[in-house]
Amino acid sequence: MNTFIALLRGINVSGQKKIPMAELRELLEKKGFKDVKTYIQSGNVIFNFSETNKDSLALKIHEAIKAHFRFEVPVLVLSPTELKQIFNDCPFPKEKKEHSYFTFLFTSLDKKLVDKLTEIPYPNEEFIITNNCIYFYCAVGYGKAKCSNNFFENRLKTTSTARNYKTVVKLLSLTSQIN
(Lines give C-alpha, C1' and ligand atoms only; values in the text may rest on other atoms or scores of the structure.)
Protein backbone atom coordinates (compact mmCIF):
# COMPACT_ATOMS: atom_id res chain seq x y z
CA MET A 1 0.00 0.00 0.00
CA ASN A 2 1.07 3.55 -0.76
CA THR A 3 0.22 6.60 1.33
CA PHE A 4 -1.16 9.76 -0.28
CA ILE A 5 -2.60 13.12 0.65
CA ALA A 6 -5.59 14.49 -1.24
CA LEU A 7 -6.21 18.23 -1.09
CA LEU A 8 -9.76 19.21 -2.02
CA ARG A 9 -10.32 22.73 -3.26
CA GLY A 10 -13.13 24.97 -2.06
CA ILE A 11 -15.25 22.75 0.17
CA ASN A 12 -17.04 23.78 3.38
CA VAL A 13 -16.27 27.46 2.77
CA SER A 14 -19.03 29.95 3.60
CA GLY A 15 -21.66 27.22 3.44
CA GLN A 16 -20.67 26.20 -0.08
CA LYS A 17 -20.01 22.64 -1.25
CA LYS A 18 -20.64 21.06 2.14
CA ILE A 19 -18.94 17.71 2.66
CA PRO A 20 -19.05 16.20 6.14
CA MET A 21 -15.68 14.58 6.78
CA ALA A 22 -17.15 11.42 8.33
CA GLU A 23 -19.30 10.94 5.23
CA LEU A 24 -16.29 11.56 2.96
CA ARG A 25 -14.21 8.97 4.84
CA GLU A 26 -17.01 6.41 4.54
CA LEU A 27 -17.47 7.16 0.82
CA LEU A 28 -13.78 6.73 0.05
CA GLU A 29 -13.53 3.53 2.08
CA LYS A 30 -16.43 2.11 0.04
CA LYS A 31 -14.42 2.99 -3.10
CA GLY A 32 -11.45 0.92 -1.91
CA PHE A 33 -9.33 3.55 -0.17
CA LYS A 34 -7.70 2.25 3.02
CA ASP A 35 -6.89 3.85 6.38
CA VAL A 36 -8.73 7.04 5.37
CA LYS A 37 -8.18 9.98 7.72
CA THR A 38 -9.34 13.55 7.35
CA TYR A 39 -7.97 16.66 8.96
CA ILE A 40 -10.20 19.67 9.66
CA GLN A 41 -13.16 20.54 7.47
CA SER A 42 -11.27 22.13 4.56
CA GLY A 43 -10.68 18.93 2.61
CA ASN A 44 -7.47 17.23 3.68
CA VAL A 45 -7.53 13.46 3.25
CA ILE A 46 -4.77 10.99 4.02
CA PHE A 47 -5.20 7.46 2.74
CA ASN A 48 -3.51 4.29 1.54
CA PHE A 49 -4.11 2.76 -1.88
CA SER A 50 -2.41 0.05 -3.92
CA GLU A 51 -2.45 2.14 -7.09
CA THR A 52 0.39 4.63 -7.59
CA ASN A 53 -0.98 6.92 -10.33
CA LYS A 54 -1.82 10.16 -8.51
CA ASP A 55 -3.87 11.57 -11.41
CA SER A 56 -5.97 8.41 -11.47
CA LEU A 57 -6.49 8.61 -7.71
CA ALA A 58 -7.50 12.27 -7.94
CA LEU A 59 -10.02 11.37 -10.65
CA LYS A 60 -11.45 8.53 -8.52
CA ILE A 61 -11.95 10.89 -5.59
CA HIS A 62 -13.37 13.61 -7.85
CA GLU A 63 -15.85 11.21 -9.46
CA ALA A 64 -16.90 9.72 -6.11
CA ILE A 65 -17.61 13.18 -4.70
CA LYS A 66 -19.46 14.25 -7.84
CA ALA A 67 -21.66 11.13 -7.84
CA HIS A 68 -22.38 11.23 -4.10
CA PHE A 69 -22.56 14.95 -3.29
CA ARG A 70 -23.65 16.15 -6.76
CA PHE A 71 -21.04 18.87 -7.29
CA GLU A 72 -17.56 19.24 -8.73
CA VAL A 73 -14.50 19.49 -6.48
CA PRO A 74 -10.96 19.83 -7.82
CA VAL A 75 -8.68 17.26 -6.17
CA LEU A 76 -4.89 17.27 -5.98
CA VAL A 77 -3.10 14.12 -4.81
CA LEU A 78 0.45 14.26 -3.45
CA SER A 79 2.77 11.68 -1.97
CA PRO A 80 4.16 12.37 1.51
CA THR A 81 7.60 12.78 -0.11
CA GLU A 82 6.26 15.48 -2.44
CA LEU A 83 4.50 17.31 0.38
CA LYS A 84 7.64 17.15 2.54
CA GLN A 85 9.77 18.47 -0.35
CA ILE A 86 7.38 21.39 -0.95
CA PHE A 87 7.42 22.13 2.78
CA ASN A 88 11.21 21.95 3.00
CA ASP A 89 11.64 24.11 -0.11
CA CYS A 90 9.80 27.04 1.47
CA PRO A 91 12.23 29.93 0.93
CA PHE A 92 11.07 32.08 3.86
CA PRO A 93 13.07 32.33 7.06
CA LYS A 94 11.63 30.38 10.01
CA GLU A 95 9.72 33.31 11.56
CA LYS A 96 7.92 33.97 8.26
CA LYS A 97 7.58 30.31 7.27
CA GLU A 98 5.64 29.58 10.46
CA HIS A 99 3.07 32.20 9.39
CA SER A 100 3.05 31.43 5.68
CA TYR A 101 0.65 29.75 3.29
CA PHE A 102 1.36 27.08 0.73
CA THR A 103 -0.72 27.47 -2.43
CA PHE A 104 -0.58 24.10 -4.18
CA LEU A 105 -0.83 24.28 -7.98
CA PHE A 106 -2.89 21.76 -9.95
CA THR A 107 -1.29 22.64 -13.31
CA SER A 108 1.88 24.10 -14.78
CA LEU A 109 1.95 27.86 -15.08
CA ASP A 110 2.40 30.13 -18.08
CA LYS A 111 5.77 31.85 -17.57
CA LYS A 112 4.49 35.10 -19.10
CA LEU A 113 1.68 35.30 -16.55
CA VAL A 114 4.13 34.56 -13.72
CA ASP A 115 6.53 37.24 -14.94
CA LYS A 116 3.71 39.79 -15.23
CA LEU A 117 2.44 39.02 -11.73
CA THR A 118 5.86 39.21 -10.09
CA GLU A 119 6.55 42.67 -11.57
CA ILE A 120 3.97 44.32 -9.31
CA PRO A 121 4.78 44.89 -5.61
CA TYR A 122 2.08 44.14 -3.05
CA PRO A 123 2.62 46.01 0.25
CA ASN A 124 2.98 43.73 3.31
CA GLU A 125 2.76 40.64 1.08
CA GLU A 126 5.49 38.38 -0.28
CA PHE A 127 5.18 35.43 -2.58
CA ILE A 128 7.51 33.14 -4.44
CA ILE A 129 6.17 31.07 -7.30
CA THR A 130 7.63 27.66 -8.12
CA ASN A 131 6.49 24.87 -10.44
CA ASN A 132 4.16 23.26 -7.91
CA CYS A 133 3.59 25.82 -5.13
CA ILE A 134 3.24 29.49 -4.38
CA TYR A 135 4.80 30.31 -1.04
CA PHE A 136 2.92 33.25 0.44
CA TYR A 137 3.48 35.43 3.48
CA CYS A 138 1.34 38.39 4.54
CA ALA A 139 2.43 40.62 7.43
CA VAL A 140 -1.18 41.69 8.15
CA GLY A 141 -2.74 38.20 8.00
CA TYR A 142 -4.30 36.10 5.26
CA GLY A 143 -7.79 37.46 5.86
CA LYS A 144 -6.62 40.94 4.85
CA ALA A 145 -4.35 39.81 2.02
CA LYS A 146 -4.88 40.92 -1.55
CA CYS A 147 -3.00 37.86 -2.83
CA SER A 148 -5.52 35.19 -1.84
CA ASN A 149 -5.93 31.80 -3.50
CA ASN A 150 -8.57 33.29 -5.83
CA PHE A 151 -6.19 36.15 -6.70
CA PHE A 152 -3.50 33.70 -7.79
CA GLU A 153 -5.97 31.52 -9.70
CA ASN A 154 -7.37 34.49 -11.61
CA ARG A 155 -4.02 36.10 -12.42
CA LEU A 156 -2.25 32.85 -13.31
CA LYS A 157 -5.18 31.07 -15.01
CA THR A 158 -4.78 27.96 -12.88
CA THR A 159 -6.47 25.92 -10.19
CA SER A 160 -4.90 25.90 -6.75
CA THR A 161 -5.67 25.33 -3.10
CA ALA A 162 -4.00 26.95 -0.11
CA ARG A 163 -3.04 25.51 3.26
CA ASN A 164 -1.38 27.27 6.15
CA TYR A 165 1.87 26.18 7.77
CA LYS A 166 0.18 24.43 10.70
CA THR A 167 -2.03 22.37 8.39
CA VAL A 168 0.93 21.23 6.28
CA VAL A 169 2.84 20.26 9.42
CA LYS A 170 -0.16 18.28 10.68
CA LEU A 171 -0.63 16.51 7.32
CA LEU A 172 3.02 15.48 7.35
CA SER A 173 2.59 14.18 10.89
CA LEU A 174 -0.54 12.21 9.94
CA THR A 175 1.18 10.59 6.95
CA SER A 176 3.93 9.32 9.20
CA GLN A 177 1.29 7.77 11.52
CA ILE A 178 -0.64 5.96 8.75
CA ASN A 179 2.18 3.71 7.52
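How many helices and strands are there in the protein?

**Figure 1. The whole protein, a predicted model.** The protein has seven helices and eight strands. Its radius of gyration is 16 Å, close to the 16 Å that the globule rule gives for 179 residues, so the protein is as compact as a globular protein of that length. Along the principal axes, the C-alpha atoms fill a box of roughly 50 × 30 × 30 Å. Of the 179 residues, 44% count as buried. The accessible surface comes to about 9,500 Å², and carbon and sulfur atoms make up 48% of that area.

Now let us zoom in on some charged side chains. Side chains of opposite charge can pair when their charged atoms come close.

Figure 2. Look at where the partners sit: Arg-9 belongs to the loop between strand E1 (2-8) and helix H1 (21-30), while Glu-153 is part of helix H6 (residues 149-156). The two are 144 residues apart, so this pair links distant parts of the chain.

**Figure 3. Glu-82 forms a salt bridge with Lys-54.** The closest N and O atoms of this pair are 2.4 Å apart. Glu-82 lies in helix H3 (residues 80-88) and Lys-54 in helix H2 (residues 54-69), so the bridge ties together parts that are 28 residues apart in sequence. Glu-82 counts as partly exposed, at 28% relative accessibility. Lys-54 is partly exposed as well, with a relative accessible area of 26%.

**Figure 4. Lys-96 and Glu-126 meet in a salt bridge.** Their side chains come to 2.4 Å, N to O. Here a helix and a strand are involved: Lys-96 lies in helix H4 (residues 94-97) and Glu-126 in strand E6 (residues 125-129), so the pair ties together parts that are 30 residues apart in sequence. Lys-96 is partly exposed, with a relative accessible area of 24%, and Glu-126 is partly exposed at 32%.

Conventions
Residues numbered from 1 in each chain as written. Predicted model: local features only at pLDDT ≥ 70, side-chain atom pairs only at ≥ 80, totals over all residues. Heavy atoms only, no water. Helix = DSSP H or I, 4+ residues; strand = E, 2+ residues; numbered from the N terminus. Salt bridge = Lys/Arg side-chain N within 4 Å of Asp/Glu carboxyl O. Buried < 20%, exposed > 50% of the residue type's maximum accessible area, 1.4 Å probe, protein only. Rg over C-alpha atoms; globule rule 2.2 N^0.38 Å. Areas by Shrake-Rupley, 256 points an atom, 1.4 Å probe, with all protein chains shown as cover.
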